Amino acid sequence: MKIPRVNIAHLPTRIEPLDRLSAALKGPRIYCKRDDQTGLGFGGNKTRKLEFLLAEAQQAGAKTLLSVGAIQSNHCRQVAAMAARFGFDCILVLSGSEPEIASGNLFLDKLFGAKIVWANRDNRTRILDEVFREAQVQGKMPYKIPYGGSSATGMMGYVEAMRELNSQECDFDWIITASSSGGTQSGMVLGAALTRFQGKILGISIEDHAPQLRESVTRLVQEGNALLGSKIEIAAEKIIVNDDYLGGGYGVMAAPEVEAIRLFASHEGLLLDPVYTGRAAAGMIDLIRKGFFAQNEKVLFWHTGGTPALFAEPYLSMLQQS
Ligand SMILES: *Cc1c(COP(=O)(O)O)cnc(C)c1O
C-alpha cells in the first residue's frame, strides 16, 4: 500500500564523519546524519514526519493545521512552516507564557503566520481539543497533528529514512538519536527491520523514564505495522532506550548539554540544540568515556535538528556565560 506523501524535505540528508570530535573523545568513529538540514524553515526531524502528515491533511480536505508543544517546540515551528508552504492556516497550542520578546522557534512560528494559543504542560492537550472543536464549528476545517507528529502516519518519515540510510551506507554498529515522543525511534526500528539493518538503535530519552518511552515506541511500532499492513515482529530487545540523561527534566539545559554543544561546535563547526541533540550528544559522550562502545565500532549520531532554540532565552544567555 502506498501511503500519501508530499515531497518538500531536502533528501537524502548527508552523512558526515566527525573526525576531530572522534579523535578528541578517543573513542569509536563517530558520523553524523544531518537531519538538521532537511530544508524547510531551518529543518529538523519533524519535516520527514510532516511529509506524510501533510498529505493526510490534504486528503482530509483540511484548511487549518493544529498542533501542540512546548514554547520552543521545533515540531510546532516545522508545522507552521509547512502550513505556510502549502497554504494552510495554523494554530499552535504552546505551553508557557507569552514572553515580552519572542525568540528562537516562537519567533519563527509568528513569522510563518501561526496563531498561538497559550496553555500549560498539564492542560495543553485538553486545550488543543477545545481549540480543535472551536475551529470545526467555525468551519476552519482543522486537522490535528499529535504531539511531536508521532502517529503511525508521522513515523513513516523515519521508516523511509531507514530506506534512505540503506541506500547511502548502512554498516553502522550504532545509531544514536534523541528520543522523546517516540515517532523517530519507532520509525527507525520498524525501518531497520524492513531494510535488515544490522546495527543497534539507541534512543537517549529526553523527557520520559525508560519504561514509558519504551511503551510509546512499542505502541507506535505496532501502529506502524498496522498502517503498512506488515506483520514484522520486533523483539523487545530491539527497542533500546537510555534514561540516564534526563537531568533536571524536559528543556532544562545544564552542564552536560553545554559541554556537548561546545565540543561539537569547537571541533566540527556543527551546531546542536539545547533540548534534544545537546542532551543526546551528552549521553553519547558519557557512554564513550565509560567505554560503552568498542573502539572499532562505527557510531552514527542522527542529528534531529532543533538549532533555532540556541537563540532562545534562557539558553542563549546560559551558553554565553559558560
Ligand atoms: C522532536 C524532536 C526530537 C524527538 O523526536 P521524537 O520523534 O519526538 O522522539 C529529537 N530532536 C529534536 C531536535 C526534536 O525537535
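1. Asp-35 and Arg-48 form a salt bridge in which the closest N and O atoms are 2.7 Å apart.

2. Basis of the note. The model is predicted, so local features need pLDDT of at least 70 and side-chain atom pairs count only at pLDDT 80 or more, whereas totals for chains, interfaces and linings use all residues. Residues are numbered from 1 along each chain as its sequence is written, and side-chain values use heavy atoms, with hydrogens and water left out.

3. The two domains. Domain 1 comprises 15–44 + 151–320, and domain 2 comprises 46–148; these bounds come from an automatic or database domain assignment. The centres of the two domains, taken over C-alpha atoms, are separated by 24 Å. To the contact (heavy atoms within 4.5 Å), domain 1 contributes 29 residues and domain 2 contributes 24 residues.

4. Buried area. Domain 1 and domain 2 bury about 2,200 Å² between them, and carbon and sulfur atoms give 58% of this area. Buried area is the accessible area (1.4 Å probe) that two parts lose on being put together, summed over both. Of the area that domain 1 buries against domain 2, Leu-40, Thr-153 and Tyr-250 supply 24%, more than any other three residues.

5. Polar contacts and composition. The interface of domain 1 and domain 2 also has 10 residue pairs in polar contact, both residues at pLDDT 80 or more. A polar contact is a pair of N or O atoms within 3.5 Å; within protein, one must be able to donate a hydrogen and the other to accept it, and residues adjacent in sequence count only if both atoms are side-chain atoms. On the side of domain 1 that touches domain 2, α6 (152–168) and α7 (183–195) each supply at least two residues, and α6 gives the largest share, 8 residues. Helices (H or I, at least four residues) and strands (E, at least two) are DSSP runs, numbered from the N terminus.

6. A polar side-chain atom of Lys-46 is 2.9 Å from a ligand oxygen atom. The side chain of Asn-45 has an N or O atom 3.1 Å from an oxygen atom of the ligand. For Thr-304, a side-chain N or O atom lies 2.6 Å from a nitrogen atom of the ligand.

7. Backbone features. The peptide bond between Leu-11 and Pro-12 is cis, with omega about -5 degrees, and Pro-12 is in the segment before β1 (15–17). A cis peptide bond also runs from Glu-313 to Pro-314, with omega near 5 degrees; Pro-314 is in the loop between β10 (298–303) and α11 (315–321).

Conventions: A salt bridge is a side-chain nitrogen of Lys or Arg within 4 Å of a carboxyl oxygen of Asp or Glu.
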